Amino acid sequence: MTLIPLTELQRDIQKTARDFAQRDVAPLAAELDRESRFEHALVTRLAELGFLGMLIPEEWDGLGLDATSYLLALEEIAVADASAAVLMSVHNSLPTQMLLHYGTDAQRERFLKPMARGEMLGAFALSEPDAGSDAASLRTQAVRDGDDWLLTGTKAWVSHGTHADVILCMARTDTSDARVGAKGISTFILTPDLPGFSVGKKEDKMGLRSSPTVQINLDGCRVPGDRLLGAEGHGFTYALASLDHGRLGIAAQAIGIARAALEASARYATERKQFNQPIASFQAIQFKLADMATRLTAARTLLHAAAAAKERGERITRFSSMAKLFATETAMWVTTEAVQIHGGYGYVTDYPVERHFRDAKVTEIYEGTSEIQRIVIARDLLAAVSRGDVDGLLTD
Ligand SMILES: Cc1cc2nc3c(=O)[nH]c(=O)nc-3n(C[C@H](O)[C@H](O)[C@H](O)COP(=O)(O)OP(=O)(O)OC[C@H]3O[C@@H](n4cnc5c(N)ncnc54)[C@H](O)[C@@H]3O)c2cc1C
C-alpha cells in the first residue's frame, strides 16, 4: 500500500534507483565515510543512469522527469549513502536549475548539456565565512575589467567543490551602498581553470564525510563577461528560487537517512535478545518503531504533496520550507531513536545507525537552518493574515 499514488514510470525509476543504490552504493558507504573518501566512480555511475540530469528537459540532454520521480530516486540513494545523495541533490537542484531557467542558449549548450549528461559536475557557492543564514550580506566582489569581471573573496562550505567542473557563484556587483544588499548580487558561472580560482580549506566534518566540503578562494579571479548568468543584480533572486526546489531534495535526503535508520532498527530489534527474548517483544521498543514509522510517513507525504504542487506550477516557498523542516527534524529524531534501540552498539561504528545519526544532523543546517525555515513559513503565514486571507493560512 502507498499513500503517494505513483505512476508506472515513477515506480520503475524508484526500483532502478533502489537496485542500484543497494547493489553499488550501500556496500561502500561505511568505508568511504571512515576514510573521508570521495569516490569519483560514483559520479560516473549516477551519470550513466541519467541521475545527474533528471529534471533537465531532453532537448538539453536530460531525462526530463517530474519532481516526484527525482525525489523518489534521491531518497533511494540517501538510504544507501547520504554523501552520494547530497551530490545528486546539489547538482540536480541548484546549478543545473539555475542554468536551465536563467542561462542563455549558448551557456546551456556549453555547460548545461554536459552537466545533464553527468560529464561535468555542478556546485553552488552562495555561503561565505561571515554570510550564512544572512546570505545577502555576502562580501565577495565582482568588478568590471573591460569585457571581463574580476572576482575577489572567499566562498565557504562548497559541497564537492574539490571535484566540481562548474560552480554557480554569487558575488556582489554593486558595492555602491551597503543598503543595496540582495539587489547588488549577481551570479557567475565559474570553472576551476579560471586564473585566480583555487580550492581552499577542506572541512573536517561530523558527518557526510565522503562529500568533500571546501572553501573556494577567488583572488582577482578573471571571469569572461559571457559567464554572467541572467541579469546583473538578480543573482540573489535566482539563488533563492533554486533553493525553494533544493529544499525538496534535502527533505528527500533526510527521509532516506531516516528510512535507513528505521530499517536497521527494526532488523536489530528482532535479532537482539535480552531477558531471553528479542527486544522487539518489548512494548517500549515497539512504540519507538511505531513512532519512527509514523513520523517518517508524515514527512514523506508532506514532501510529495509539495512536489505535486511544484508540478502544478504553484508557488511552493512555504511548502518546500515545511517539507524540509519536518523531514530533517524527523530524520534527527528517528536516527536518535535508532541509536537508542541499538543501545551501546548504536554508539559504535559496527552498526550503521551511528553514521545515519551523524549524517542526519547537517540536514537541519544546510540550505537554510530549521530556524530559517520557520522564519520563511511564519512570514508567509503572517502575510496571509495581513491580506485577511483565512484560506491562505493553510494553502498559500
Ligand atoms: C556540510 C555542509 C555543506 C554545505 N554546502 C553548501 C553549498 O554547497 N553551498 C553553499 O552556498 N553553502 C553550503 N553550506 C552552508 C550552509 O548553507 C550554511 O551553513 C547555513 O546556511 C547556515 O549558515 P552558518 O553555518 O553561517 O550559520 P549561521 O547563519 O551563523 O547560524 C548560526 C545559528 O544562528 C541561527 N540564526 C541565524 N540567523 C537567525 C535568525 N535571523 N533568527 C533565528 N536564528 C538565526 C541559525 O539558525 C543557527 O542556529 C553547507 C554547510 C554544510 C555544513
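Trainee: How do you know that helix α9 and α11 pack, and at what angle?

Mentor: Their axes are 9 Å apart and the angle is about 145 degrees. Axes are lines fitted to C-alpha atoms, for helices over the stretch in contact, and angles run from 0 to 180 degrees between N-to-C directions. The helices themselves (H or I, at least four residues) are DSSP runs numbered from the N terminus, as are strands (E, at least two). Bear in mind that this is a predicted model: local features need pLDDT of at least 70, side-chain atom pairs count only at pLDDT 80 or more, and totals for chains, interfaces and linings use all residues. Residues are numbered from 1 along each chain as its sequence is written.

Trainee: Which residues of α9 and α11 meet?

Mentor: Among them are Met322 and Leu325 in α9, and Val376 and Ile377 in α11. Contact requires C-beta atoms, placed from the backbone, within 7 Å.

Trainee: Why is the ligand said to lie between domains?

Mentor: Domain 2 (122-235) and domain 3 (237-393) both give residues to the shell around the ligand, so it lies between them. Those bounds come from an automatic or database domain assignment.

Trainee: Which residues come nearest to the ligand?

Mentor: Of the 21 around it, Gly132, Ser133, Trp157, Thr369 and Glu371 do; a residue counts as near if its C-beta atom, placed from the backbone, lies within 6 Å. β3 gives the largest share of the shell, three residues.

Definitions and conventions:
Two residues are in contact if their C-beta atoms, placed from the backbone, lie within 7 Å.
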